Amino acid sequence: MEMWRVIDAGAGAADYNMALDEALLEMAGALGGPVLRFYGWTEPAATFGYSQHYEEIARLTALRPLIRRPTGGGLVPHDADWTYSAAFPAGHEWYALKAVESYERIHIWIRDAFAAMGVATTLAPERRKEIPGQCFVGAEKHDVLWHGRKIAGAAQRRTQDGLLIQGSVQPPPLKLDRRQWQGAMLRAPWTALMVSGALAERAERLRAEKYSRPEFNRKR
């Protein structure tokens, strides 16, 4: 079976979290295989899709910092959510999937991880009405539902370097352990990947020159 690289990053600042995910996308081909990253947040924050208009999103939430993502989608609040990203190099089988197929596949993976924890979830069979810009009000087709309520969604970006999926799980109000969920997600052979060297340098540069700058986050 294919070997995955796994980063258990812990909590990070919102601008750094987005910068590291973009660095993983840019360097996907040099990292030796797909990368799954688990991470959290040092403070409440919100992210929004790359093509969204800042002023429209800013009116929907009081959460700050409010950081533009390298992927699409709408507004996602972050605090106690279980956040992950997955990066695949160009040429990988996931990269060749249509967007709807990779979206469904990542959420089947999450549904099965919850099943391993004894929590029954389903995938949304169709799109449900959403409030514009807000990812967790309503649902997209193939989002993860618990008792009919959306608890997991994702956003994607494909470039010539690879495919990046960023996802947020708003866990159901049960006594669930995040570490147990992460363990349930690790079904394939994996090895730990440290954020160091060129990867760390690129992430810090993207944070400093892009995601920490108001002119980037407010650019449209």
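Is Phe88 buried or exposed at its relative accessibility? Phe88 counts as buried, at 0% relative accessibility; the term buried denotes under 20% relative accessible area, exposed over 50% and partly exposed in between, with a 1.4 Å probe and protein chains only.

## Basis of the model

This is a predicted model, in which local features need pLDDT of at least 70 and side-chain atom pairs count only at pLDDT 80 or more, while totals for chains, interfaces and linings use all residues. Residues are numbered from 1 along each chain as its sequence is written, and side-chain values use heavy atoms, without hydrogens and water.

## Aromatic pairs

Twelve aromatic pairs are found in a search of the whole structure. Rings of Phe, Tyr and Trp (its six-membered ring) pair if their centres lie within 6.5 Å; planes under 30 degrees apart are stacked, over 60 edge-to-face, and the rest tilted.

Phe38 and Trp181 form an edge-to-face pair, at 5.7 Å centre to centre and 70° between the planes. Because Phe38 belongs to strand S2 (residues 35–41) and Trp181 to helix H5 (residues 178–185), the pair ties together parts 143 residues apart in sequence. Helices (H or I, at least four residues) and strands (E, at least two) are DSSP runs numbered from the N terminus. Phe38 is buried at 2% relative accessible area, and Trp181 is buried at 0%.

The pair of Phe88 and Trp94 is stacked, since the ring centres are 4.6 Å apart and the planes lie at 10°. Trp94 is buried, with a relative accessible area of 6%.

## Cluster and charges over rings

Ring pairs join Phe38, Trp82, Tyr84, Phe114 and Trp181 into a cluster.

The charged end of Arg105 sits over the ring of Trp94, 5.1 Å from its centre; this term requires NZ of Lys or CZ of Arg within 6 Å of the ring centre and within 35 degrees of the ring normal. The charged end of Arg37 sits over the ring of Tyr39, 3.7 Å from its centre.
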